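I opened the notebook today to work through one model, a piece at a time. Here is what I looked up, in the order I went.

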Amino acid sequence: MTRTRDMLLAEQALVGLRLRGQQVQAAVTVFTDEARRRSSAGLGAVDSRALLAVLQDLPVDLPVPQSSLDAHALRTLHTAPPGVADLGEEEPGVVVRRLVPAARVELVLVHGPHGVSSREWDAAVRDASQFAPFCARGIVVSHRAPERGPDPDLDLLLLKARFYGVGVATHEPTGSLSWLLEPAPYRPERHSAAQWLFHEQAWRQLGPDRC
């Protein structure tokens, strides 16, 4: 979890994004080679779930006979923008997948302008939990001065957040962020087109200037 902690504490690594209908801060890894390849091809984010579902079943940069694909897959590939796949350009009768993810969201943080207040903690944990299939997730709570003593509400929040694998961070007086509870490591049980689409939606907002 050291890597996630480093990303959180390095404020420049957090960017504002709108994901799954929520305004969040996120730590994102950009894959420079793919970002530059897409830029050269004039290709941005690919947000067709159907297309991503076909692509994820193809190997990268290896020819696959078009005859081995069903009609739906071929129709879908023919609708793809330039730079996604080669369909017979280099070798007749084969398809070569070129597209790989340009970015990966590593961590999502849910919080208001000054952190989540005690009255909003339960809702914030639920909001953060929806990102479980995609990345590590956490919430940022309002800063609590140590001289105020123990906070039973905060203790209950930490208990609930730990159960759901949600990290809890707070603003330090300096304005930086630090963990009260680190998020559970992200370990996907499987890889899906929905996960790839999530990262493409982040890349659409980041744009080629990030490469």
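I began just after α6 (152-164), where G165 takes a positive phi of about 75°. Helices here are DSSP runs of H or I with at least four residues, strands are runs of E with at least two, and both are numbered from the N terminus.

A note on ground rules: this is a predicted model, so I kept in mind that local features need pLDDT of at least 70, that side-chain atom pairs count only at pLDDT 80 or more, and that totals for chains, interfaces and linings use all residues. Residues are numbered from 1 along each chain as its sequence is written, and side-chain values use heavy atoms, with hydrogens and water left out.

**Helix α6**

I checked the length of α6 next. Its 13 residues should span 18 Å at 1.5 Å a residue, and the end C-alpha atoms are 19 Å apart, which agrees. The expected span is 1.5 Å times one less than the number of residues.

Which residues of α6 are buried? I found L154, L157, L158 and A161. Buried means under 20% relative accessible area, exposed over 50%, and partly exposed in between, with a 1.4 Å probe and protein chains only. Seen down the axis of α6, the buried residues fall within an arc of 100°, so they line one face of the helix; the arc is that of the directions from the helix axis to the C-beta atoms. An α-helix has 3.6 residues a turn, so residues three or four places apart point the same way.

The buried residues of α6 pack against α5, β7, β8 (167-171) and β9. The face turned away from them carries the exposed residues P152, L159 and F163.

**Aromatic rings**

I counted 3 aromatic pairs in the structure. The ring centres of F163 and Y164 are 5.0 Å apart and the planes stand at 90°, so this pair is edge-to-face. For the record, rings of Phe, Tyr and Trp (its six-membered ring) pair if their centres lie within 6.5 Å; planes under 30 degrees apart count as stacked, over 60 as edge-to-face and the rest as tilted. F163 is exposed at 68% relative accessible area, while Y164 is partly exposed at 47%.

F131, F134 and F198 form one aromatic cluster. I also looked at P188, in the loop between β9 (177-181) and α7 (193-206).

**Core**

Which residues touch the most other members of the largest nonpolar core? They are V108 and I139, in a core of 34 residues. Such a core is a set of buried Ala, Val, Leu, Ile, Met, Phe, Trp, Tyr and Cys residues joined through side-chain atoms within 4.5 Å. A second, separate core of 21 residues includes L43, L74, A85 and L87.

**Strands**

β1 and β2 pair in the antiparallel sense over 6 bridges, where pairing needs at least two DSSP bridges between the strands. L19 stands opposite Q22 in β2. In their hairpin, with 2 residues between the strands, R20 takes a positive phi near 50°.

β2 and β6 also pair in the antiparallel sense over 6 bridges, and V30 stands opposite A103 in β6.

Terms used: Contact = heavy atoms within 4.5 Å.
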